[in-house]
Amino acid sequence: MTVNVVVWDPASLDAESQFQAVHTLHKSNRDRLGPMPDTGFRDRAKHHGLLIGFVDDAITGYVLYDVPRSKLIKLVHVCVSEAARGCGLAREMIETAVGLHPRRSLITASCRTDY
């Protein structure tokens, strides 16, 4: 099992198909992730706040995040498909986000408590 994480690039040739695959994953897990307007999702993605997780070359997870203040990374969504859970993909995606912003010393996440 090969785990890989990439920053979504809106200028890449397969950007739209990748985005649609991530958006489908979001919709299938919306009950755990909470609501997110399509425009808000796309806006965060365009500002380099979308990491895509692959397991064996298939998109099976994503992290949507913001970097609102100088020391903060704010996790908005951490999503891994049910079939890929337990393989370390979520950890790899979060470590990638942290590695992309080495000067940020705080990481936060808001988690739903109503499910």
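Reader: What pattern does the chain follow, read along the sequence?

Author: This is a predicted model. The chain has 4 helices and 5 strands. Read along the sequence, these elements follow the pattern β-α-α-α-β-β-β-α-β.

Reader: What radius of gyration does the chain have, and what would a compact globule have?

Author: The C-alpha atoms fill a box of roughly 35 × 35 × 30 Å, taken along the principal axes. For 115 residues, a compact globule would have a radius of gyration near 13 Å. The chain agrees with that, having a radius of gyration of 13 Å.

Reader: How many of the contacts between residues at least 6 apart join residues at least 24 apart in sequence?

Author: Of the 115 residues in the chain, buried residues make up 37%. Among contacts between residues at least 6 apart in sequence, the share that joins residues at least 24 apart is 61%.

Reader: In which order do the strands of the sheet lie, and which are the edge strands?

Author: The sheet is open, has 5 strands with mixed pairing, and runs in the order 1-2-3-4-5. Two of the strands pair on one side only. These edge strands are strand 1 and strand 5 (106–109).

Reader: Which residue in strand 3 is the bridge partner of Phe54?

Author: Strand 2 and strand 3 run antiparallel and are joined by 6 bridges. In strand 3, the bridge partner of Phe54 is Ile59.

Reader: What angle does helix 3 make with strand 3?

Author: Helix 3 (residues 38–46) packs on the sheet. There, helix 3 touches strand 2, strand 3 and strand 4. The angle between its direction and that of strand 3 is about 85°.

Reader: Is His26 buried or exposed?

Author: His26 lies in helix 1 (residues 15–28). Leaving aside neighbours within four places in sequence, His26 is in contact with Leu33, Gly34, Met36, Phe41, Tyr62 and His77. Its relative accessible area is 0%, and a residue under 20% counts as buried. His26 is therefore buried.

Reader: Why do the buried residues of helix 4 line one face?

Author: Helix 4 (residues 89–100) has 12 residues, and among them Leu89, Met93, Thr96 and Ala97 are buried. An α-helix has 3.6 residues a turn, so residues three or four places apart point the same way. Seen down the axis of helix 4, the buried residues line one face because they fall within an arc of 100°.

Reader: Which strands do the buried residues of helix 4 pack against?

Author: The face of helix 4 turned away from its buried side carries the exposed residues Arg91 and Gly99. The buried residues pack against strand 1 (3–7), strand 2 (50–55), strand 3 (58–66) and strand 4 (72–80).

Note on methods
Residues numbered from 1 in each chain as written. Predicted model: local features only at pLDDT ≥ 70, side-chain atom pairs only at ≥ 80, totals over all residues. Heavy atoms only, no water. Buried < 20%, exposed > 50% of the residue type's maximum accessible area, 1.4 Å probe, protein only. Contact = heavy atoms within 4.5 Å. Expected span 1.5 Å × (residues − 1). Arc of directions from axis to C-beta. Pairing = 2+ DSSP bridges. Axes fitted to C-alpha atoms, helices over the stretch in contact; angles between N-to-C directions. Rg over C-alpha atoms; globule rule 2.2 N^0.38 Å.
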